[in-house]
Amino acid sequence: MTTYRLGALLLTLAMVGSKAGLAAQPATMPPAVSAVAPSEPDALPLDSARGKASSEVWAKIMGNYVVRNVTQPTITPVLPDPAKANGKAIIVVPGGAFMMLSLGWEGWNVAKTLADHGYAAFVLKYRLLPTPKAEREAGPYILAKMNAGLLGEGKMPTLQNQDATQDGLAALRFVRAHARDYHIDPKKVGMLGFSAGAMLSLNTVLSAPPGEGPDYLAYVYGPQAAIDVPADAPPMFAAIAFDDPLFPTGGFPLTQAWHRAGKAVELHAYQSGGHGFGMGFQGSTTSLIMTELLAWLDMQDRPAPAPAP
């Protein structure tokens, strides 16, 4: 099974982009196996008065949980061993075209890895756009919405969700408000987003009041489009594969904009990996992404090296 095929399966979005990246055409839809909602004993509602957990539709794809029709946003702490804790926090934001969340592949698994390395991780289950309840109807519906929302190389998809951005802002407020409880520095709270989760994280940066955005931004296989970079933009780590069928790299206009604005930015462009590689695939250099991300995060707290004489 190819890297692209596996990533697409996990997102239930098997798509092949045109050479120009202007129109993505659906391939065969992989089956999603309906599943009972997993126990989430540590999930905390960001707004207990908003939505209901009963609206959610859960499934598994290749053993990984995905969920649709989320109306009640939650945040799930995944905390490190106190002996390893470094006082930093990362909000993990899974993707799924704002219509689904790949909570296993891009959420809980990622958070556990971060916690193993001393980070207090928080998985954000944000509100989604509604989809048909039946799996047989949901797949074609999601693909059609995806195709309509992709505008081509260098442009942000029109498929967006302002409710999700508000949940991103609420997650930042929650983590900082409980910084003492979780033994973290409220000035060291980052966001790590995948695909639509990357877009949500970027939109959180763009929407946050001055001084209230994330302190670090990890933008993993999100669309590359030029934007107006805010004056208080945080350091950004960006990762994407050259063969991403959804978001062509196109000269990396987003990271170029960050760099031209004088903001710290690091870009990892992998030879192969497709879309949805998560923490990476064996046999591909995408398998190094967490090592590279952790090294980059560590570097942000160190003084810049002195220039060579």
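User: Before I look at the sheet in this predicted model, what counts as a pair of strands?

Analyst: Two strands pair if DSSP finds at least two bridges between them. Strands of a sheet pair through backbone hydrogen bonds, either parallel or antiparallel. In this predicted model, an open sheet of 8 strands runs in the order β4-β7-β9-β8-β10-β11-β12-β13, and its pairing is mixed.

User: Why is one side of β4 and of β13 left without a neighbour in the sheet?

Analyst: β4 (44-45) and β13 (265-270) stand at the edges and have a single partner strand each, so one side of each has no neighbour in the sheet. For β4, the pairing with β7 is antiparallel and spans 2 bridges, and P45 has T74 of β7 as its bridge partner.

User: Which strands does helix α6 touch as it packs on the sheet?

Analyst: Helix α6 (residues 196-207) touches β8 (89-93), β9 (120-125), β10 (189-194) and β11 (216-220), and its direction makes about 145 degrees with that of β10. Helix α8 (residues 289-299) also packs on the sheet, touching β8, β10, β11, β12 (236-241) and β13, with its direction at about 165 degrees to that of β12.

User: How should I read the largest pocket, and which residues line it?

Analyst: Rolling a probe the size of a water molecule over the atoms shows where empty space is left. Here the largest pocket holds about 200 Å³ of space, and its lining includes S39, T76, W108 and K112. The largest share of that lining, 3 residues, comes from β7, and by class the lining residues divide into 5 nonpolar, 2 polar and 3 charged.

Definitions and conventions: Residues numbered from 1 in each chain as written. Predicted model: local features only at pLDDT ≥ 70, side-chain atom pairs only at ≥ 80, totals over all residues. Heavy atoms only, no water. 1 Å grid on protein atoms, 1.4 Å probe; cavity = no way out; pocket = protein on both sides within 12 Å on 5 of 7 lines; lining within 4 Å. Points joined across faces, edges and corners; volume = space filled by probe spheres on them. Helix = DSSP H or I, 4+ residues; strand = E, 2+ residues; numbered from the N terminus. Nonpolar A, V, L, I, M, F, W, Y, C, P; charged D, E, K, R; others polar. Contact = heavy atoms within 4.5 Å. Axes fitted to C-alpha atoms, helices over the stretch in contact; angles between N-to-C directions.
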